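User: Please take me through the helix packing, salt bridges and selected residues of this model. Keep it brisk.

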Amino acid sequence: MTVTEAVERAHRDEWARVLAVTVRLTRDLDLAEECVQDAFAQALRTWPEAGVPDRPGAWLTTVARNRALDRLRREAAFRRVLPQLVTDEVAPPADDRLGLILMCCHPALSRDAQVALTLRLVGGLSTAEVARAYLVPEPTMAARITRAKRKIAAARIPLRVPGPDALPARVAAACEVVHLVFTTGHTAPGGAELTRPDLVGGALTLARMLHLLLPRDPEVTALLALLLLTDARGGTRTDGEGRLVLLADQDRSRWDRERIAEGTALLGEALRRPPSRWAVQAAIAAVHAEAPTWAATDWTEICGLYDALLALWPNPVVRLNRAVAVGFRDGPAAGLAALDALLSEPALAGYGYLAAARADFLRRLGRRAEAALAYEEALALTANEAERAFLTRSLGALGCNG
């Protein structure tokens, strides 16, 4: 492993840990970030000659803490902060990292701010990377992150795990944020590629971190199971030229069986308690993952699981997914009828997957002109170029223009 690779790995594995202890020392997010960035820059300068330390995280934490102490002394804040310091610790306890995540997901912040801060502070993405992930200009994202930091400072939101009364809601918010990051990466809202592997990987890292810190929390366990079972199919969602491949046509021999086994085991743990929405979603993903072929998929079980999910989480997109499952269980006419019942749903008015699903069922029913119109509607609502290329090919295969 080269020094650059060692630093990149340390950034991926240790960023949140180093930042958490530095924030606890400085009580200043901007100062802590600056000191941690300095520590990684120092690693790039020092490790080529001195060698990669046995404990990179401890080395980085020590350098970041020393930078912070120097700054605090220079800014005449050392005496004020001194009673709060932890003198000899080079690696924070788990609560520091968990506190950092839960601080980013404080209910005083908007969901957009929670996502941006989690990616920036916990995931270690740069402001430019966060901006690209959510298709906004970098200055806009920088301003959003700055406002969130100021709100944390003004509201005196602490870097700690809240009490038992507030913890469930904060963990639930953290799960929502991690899932949103994952889904944004799983199918990118725009751009040339179907997926954003950096966001998918970042979400998995965050989910693993949450599970490490809260191993007995059934929602966290179920969320990690869901992400693993879904991402196990990630390598077959496009072909060698980057073209979208439907689930029905994917090479299941290439699915990641280790991730499927890990996700299934975690799902079993989560289901020992009353299931959360994450557990039911993971169960749906498990049915797909365990089916040896598309034809062997148990659509009756999937429809039943969607019914259970709707009882827990009555979401329009869940209704859409259930309607598609009905179509595969009972035939395209039944699926189309279920989808058409959702056409008046305001939340789905600009949702391209509704039009795409209708187009597919109309095509299967031989209603080619109507299918063409539905494909054209889906194209108008889709910004991801891989999806647009797939819809364009499907429209062209109909041999008509509506």
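Analyst: A crossing is left-handed if the near helix is turned anticlockwise from the far one by less than a right angle, and right-handed if clockwise. The model discussed here is predicted.

User: Which hand does the crossing of H14 and H15 have?
Analyst: H14 covers residues 299–312 and H15 covers residues 316–330. Their axes lie 9 Å apart. By the anticlockwise rule, the crossing of H14 and H15 is left-handed.

User: Is H14 roughly parallel or roughly antiparallel to H15?
Analyst: The two helices pack at an angle of about 160°. Angles over 145 degrees count as roughly antiparallel. Therefore H14 and H15 are roughly antiparallel.

User: How many charged residues does the contact of H14 with H15 have?
Analyst: H14 brings Trp299, Thr300, Ile302, Cys303, Tyr306, Asp307, Leu309 and Leu310 to the contact. H15 brings Val318, Arg319, Asn321, Arg322, Ala325, Val326, Phe328 and Arg329. By class, 10 are nonpolar and two polar. The charged residues number four.

User: What term describes how H2 and H3 are oriented to each other?
Analyst: The axes of H2 (residues 29–50) and H3 (residues 56–74) come within 8 Å. They cross at roughly 125°. Angles of 65 to 115 degrees count as roughly perpendicular and those over 145 as roughly antiparallel, with the rest oblique. H2 and H3 are therefore oblique.

User: How many nonpolar residues are in the contact of H2 with H3?
Analyst: On the H2 side, the contact residues include Leu31, Val36, Phe40 and Trp47. On the H3 side, they include Trp59, Leu60, Val63 and Leu72. Two residues of this contact are polar and five are charged. The nonpolar residues number 14.

User: Which residue meets arginine 208 in a salt bridge?
Analyst: Arginine 208 sits in helix H10 (residues 197–213), and its partner sits in helix H12 (residues 257–270). The pair links distant parts of the chain, 54 residues apart. The N to O distance is 2.7 Å. The partner is glutamate 262.

User: Are arginine 208 and glutamate 262 buried, partly exposed or exposed?
Analyst: Buried means under 20% and exposed over 50%. Arginine 208 has a relative accessible area of 35%, and glutamate 262 has 30%. Therefore arginine 208 is partly exposed, and glutamate 262 is also partly exposed.

User: Is aspartate 360, in its salt bridge with arginine 363, buried or exposed?
Analyst: The side chains of these two residues meet at 2.8 Å, N to O. They are three residues apart in helix H17 (residues 352–364), so about one helical turn separates them. Arginine 363 is partly exposed at 36%. Aspartate 360 has a relative accessible area of 16%, so it is buried.

User: Which residue forms a salt bridge with arginine 243?
Analyst: Arginine 243 is partly exposed at 37%. The N to O distance is 2.8 Å, and the partner is aspartate 239.

User: How many salt bridges are there, and which residues are linked in a network of them?
Analyst: The rule asks for a side-chain nitrogen of Lys or Arg within 4 Å of a carboxyl oxygen of Asp or Glu. By that rule the count is 19. The network links Asp30, Glu33, Arg120 and Lys149.

User: Is arginine 170 buried or exposed?
Analyst: Arginine 170 is found in helix H9 (residues 167–186). Beyond four places in sequence, it touches Leu102, Met103, Cys105, His106, Pro107 and Pro162. Its relative accessible area is 9%, so arginine 170 is buried.

User: What is the relative accessible area of valine 122?
Analyst: Valine 122 is found in helix H6 (residues 111–122). Its contacts beyond four places in sequence include Trp15, Leu100, Leu206 and Met209. Valine 122 is buried, with a value of 4%.

User: Where does arginine 27 lie, and what is its phi?
Analyst: Arginine 27 lies in the loop between helix H1 (3–26) and H2. It is partly exposed at 49%. Although not a glycine, arginine 27 has a positive phi of about 55°.

Methods: Residues numbered from 1 in each chain as written. Predicted model: local features only at pLDDT ≥ 70, side-chain atom pairs only at ≥ 80, totals over all residues. Heavy atoms only, no water. Helix = DSSP H or I, 4+ residues; strand = E, 2+ residues; numbered from the N terminus. Buried < 20%, exposed > 50% of the residue type's maximum accessible area, 1.4 Å probe, protein only. Axes fitted to C-alpha atoms, helices over the stretch in contact; angles between N-to-C directions. Parallel < 35°, antiparallel > 145°, perpendicular 65-115°, else oblique. Contact = heavy atoms within 4.5 Å. Nonpolar A, V, L, I, M, F, W, Y, C, P; charged D, E, K, R; others polar.
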